[in-house]
Amino acid sequence: MHFIQKIEIRENERPRNDKGDTSTLKIALLAFGLPGLVMLVIMCLILPSQIKYITEGEAVKAELIYSSALSKSSKFSFYYNEKKYEIEPKIYSESWRSGQIFTMYVLNGEPRKARLRSDLFAGPMILLIMGGIFFYIGFKVGLLGYLKTELFNKRFWKEHPWVVIPASNAVETEGTVMEIVEHDTQRDTTINRRLRYKKNYSLVCRYEQDGQEKYLESAVFWTEPYKFIKPGTKVSILLDKTKSGKFIVDVNALFRDAAEKSGEITIPKEF
C-alpha cells in the first residue's frame with residue numbers, strides 16, 4: 001500500500017494566474033481602459049480649439065429670442081459689425097427663458113459659428129468624465145490587477161518551495177512521477193478577490209531511501225501538466241534528513257526543462 005505524504009497549501013500561497021483570470025483582466029483593460037484613454041486623448045485634442053474662443057474670440061451679448069421646452073429648440077439673436085444674426089446653440093437647457101441675455105464668442109470674424117461658453121466645454125467635460133471613469137476602471141481592474149497578479153506570482157515563485165528546508169539539512173534524491181492527480185476547486189471570479197482555479201494538480205512520486213521504496217505527493221500547482229509531464233518522468237526530490245515527512249518535489253524544474261526543450265511555455269526566471 002502506498003503511503004502518501006501531503007503538504008497543506010494555504011489559499012494565499014496559491015498562484016493567482018491562469019488563462020481565464022488573465023483574460024478577464026485583459027478584457028477589463030481593453031473594454032474600459034483603452035476606450036477611456038481614447039476619450040481622454042480626444043478631449044485633449046479638441047480642448048485647445050474650444051479655449052481659443054475664450055482667449056482669442058470676441059465676446060458679444062446675445063438674446064434668447066425663442067425657447068420651447070417641448071421641442072427643446074432655441075435661437076439666439078445678436079449684432080456683430082452692425083449686422084443681426086440668429087443662430088441655434090448646440091446644447092439646450094430647460095432653465096432657459098425667452099429674453100435672457102447670454103455671452104457668445106465669435107472667433108476669426110465668423111459670427112455664424114459663435115458659441116456659448118457652456119456649449120464650448122460641454123463636449124470636453126463629457127469626454128473628461130466618461131473617459132476618466134472608463135480609464136480608472138480599466139486601469140485599476142485591468143492593468144493594476146494584471147500587474148498585481150504578476151508581482152504576486154513573482155514573489156510566490158521566489159518564496160517557493162512551500163516547505164522550506166535549510167540547505168544544511170537537504171538531501172537530494174531522484175524520484176519518478178507515478179501519477180498526475182487532479183484537484184477540483186471552487187472558482188471565484190469576483191473582481192479584487194483572491195482568484196481560484198477550475199483545476200489544480202499534484203504529482204504522486206516514487207523514490208528509494210535506505211533500500212526502501214517510498215511514495216509522496218507534491219504540493220499543488222495550477223498549470224496543466226499533461227503536455228510536459230507524464231508517468232515515468234524523472235524528478236528531483238529534496239528530503240529533510242532531520243525531519244521525516246518534510247520534503248520538496250521540484251515540479252518547477254520539470255516545467256522549466258520542458259519549456260527549454262519545446263519553447264511552448266514561458267517560465268519566470270525565479271521558477
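Student: Are F76 and F102 buried or exposed?

Tutor: Both F76 and F102 are buried in this predicted model.

Student: Why does F102 count as buried?

Tutor: F102 has 17% relative accessibility. Buried means under 20%, so F102 counts as buried.

Student: What makes W96 count as buried?

Tutor: The relative accessibility of W96 is 8%. The cut-off is again under 20%, so W96 counts as buried.

Student: How many aromatic pairs are there?

Tutor: The count comes to nine aromatic pairs.

Student: Why is the pair of F76 and F102 called edge-to-face?

Tutor: The ring centres of F76 and F102 are 5.1 Å apart, and a pair needs centres within 6.5 Å. The planes stand at 90 degrees. Over 60 degrees counts as edge-to-face, so F76 and F102 are an edge-to-face pair.

Student: Which parts of the chain does the pair of F76 and F102 link?

Tutor: Distant ones. F76 is in strand β2 (residues 73–80) and F102 in strand β4 (residues 101–106), 26 residues apart.

Student: Why is the pair of W96 and F102 edge-to-face?

Tutor: The centres of the W96 and F102 rings lie 5.4 Å apart, with planes at 65 degrees. The angle must be over 60 degrees, so this pair is edge-to-face.

Student: Which residues do ring pairs link into a cluster?

Tutor: The cluster consists of Y201, F221, Y226, F228 and F255.

Student: How do you know that R115 lies over the face of Y53?

Tutor: R115 is at 5.7 Å from the ring centre of Y53. The distance cut-off is within 6 Å, alongside an angle limit of 35 degrees from the ring normal. R115 is listed as lying over that face.

Definitions and conventions. Residues numbered from 1 in each chain as written. Predicted model: local features only at pLDDT ≥ 70, side-chain atom pairs only at ≥ 80, totals over all residues. Heavy atoms only, no water. Phe/Tyr/Trp six-rings, centres within 6.5 Å; stacked < 30°, edge-to-face > 60°. Helix = DSSP H or I, 4+ residues; strand = E, 2+ residues; numbered from the N terminus. Buried < 20%, exposed > 50% of the residue type's maximum accessible area, 1.4 Å probe, protein only.
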